[in-house]
Amino acid sequence: MLHAAQQMLAGRRLYADMFEFHPPGIFLIADAWLRVFGLSMVSIRMLSAASVATVALLTYLCCARVSGRPWASAALALAWAGCSQGELTQLSHQYFTTLLSMASLLALVGGRAPAPGWAGFFAGAATMTTSGRGVLAVLATWALLGRRWRAWPLFAVGVAVVPAACGAYLLWRGVFDAAIQDVFVWTAHRYAGIQAVPYGAGATAEDLPLVLAYPLAVLALVALLVRR
C-alpha cells in the first residue's frame, strides 16, 4: 500500500504503471495521507497507529451504545488493541475496512435516530478498501435497517458515493480497464483459489483471545436464544 502511494506521489498511475489487485480506495487514503504529512517513517507510523486507535474507539462506541455497559465495552476495545498487534504493528487494508465497517454500524446504533445515508457511505467506502469484506459490511448494515423501507433509497445512494468517485478517478486517470483486469479478472483466475486458510492458523498466545472470541460469541448467542 505504501509502495503504491509512493509511486503515485511520483506521478505514476495506479494499475497502469504498477500492478495492484486491491481496490483503489486504500491507495488513495495512503496517497492523501502522505501528501499531507510527508513521506517519512514518522508519518507512516502515525497512520498505522491512527487506524488501530480509531478501530478501537469505534468498537467501544458501538458496544457501549448497544449494551449500555461502557466499562465492559472499553475493556473489550482495549483488549482487541492489545491482542491484535502481535510482534509488529502493520499498516493494513484490513484495518481500514474494519474501521469503515464499524463507522457504518455506529451510524445506525449511535445517537437518537439512525443515519442510513452515512451508514451506506461508510459501508460503500469499505468495498473500496477490501472488496469482499466491504460487500459483507454493506449486506450487514442493510440487514440492520430491517423494514425501514423509506431509509433504503438513502442507504443505497450512500453506498454508491465512494465507488462512483473511485470509478470517476480511474476514468480520469485512463486506467479503468486496467483496474478491472487487475482487481477482478486477475484475482478470479490467480488469487481467489489460494485464499482458504484454516481458522486460527498461526495464532500465538497473544492473539489467542481473538481466535476464541468468535466461537464464544456464537455460543453466547445460542445460550441467549435458548434462555429466552
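This is a predicted model: local features need pLDDT of at least 70, side-chain atom pairs count only at pLDDT 80 or more; totals for chains, interfaces and linings use all residues.

Colleague: How many residues does α3 have, and what does it span?

Modeller: Helix α3, residues 41-67, has 27 residues and reaches 39 Å from first to last C-alpha, close to the expected 39 Å. Helices here are DSSP runs of H or I, at least four residues, numbered from the N terminus. The expected span is 1.5 Å times one less than the number of residues.

Colleague: What do the buried residues of α3 pack against?

Modeller: They pack against α1 (2-9), α2 (25-37), α4 (70-84) and α5 (93-109). Among the buried ones are I44, L47, V55 and C62. Buried means under 20% relative accessible area, exposed over 50%, and partly exposed in between, with a 1.4 Å probe and protein chains only.

Colleague: And what follows α3?

Modeller: G68, with a positive phi near 70°. Y15 also has a positive phi, near 75°, and is not a glycine.

Colleague: Where is Y15, and is it buried or exposed?

Modeller: Y15 is in the loop between α1 and α2, and it is buried at 5% relative accessible area.

Colleague: Which residues have the most contacts inside the largest nonpolar core?

Modeller: M8, L14, Y15, F27 and L170, in a core of 20 residues. The largest share, 5 residues, comes from α2. A nonpolar core is a set of buried Ala, Val, Leu, Ile, Met, Phe, Trp, Tyr and Cys residues joined through side-chain atoms within 4.5 Å. A second, separate core of 17 residues includes W80 and Y95.

Colleague: Switching to rings, how many aromatic pairs are there?

Modeller: The structure holds 13. W142 and W152 make an edge-to-face pair, 5.2 Å centre to centre with 75° between the planes. Rings of Phe, Tyr and Trp (its six-membered ring) pair if their centres lie within 6.5 Å; planes under 30 degrees apart count as stacked, over 60 as edge-to-face and the rest as tilted.

Colleague: What does the W142 and W152 pair tie together?

Modeller: W142 is in α7 (residues 131-145) and W152 in α8, so the pair ties together parts 10 residues apart in sequence. W142 is partly exposed at 38%, and W152 is partly exposed at 29%.

Terms used. Residues are numbered from 1 along each chain as its sequence is written. Side-chain values use heavy atoms; hydrogens and water are left out. Helices (H or I, at least four residues) and strands (E, at least two) are DSSP runs, numbered from the N terminus. Contact means heavy atoms within 4.5 Å.
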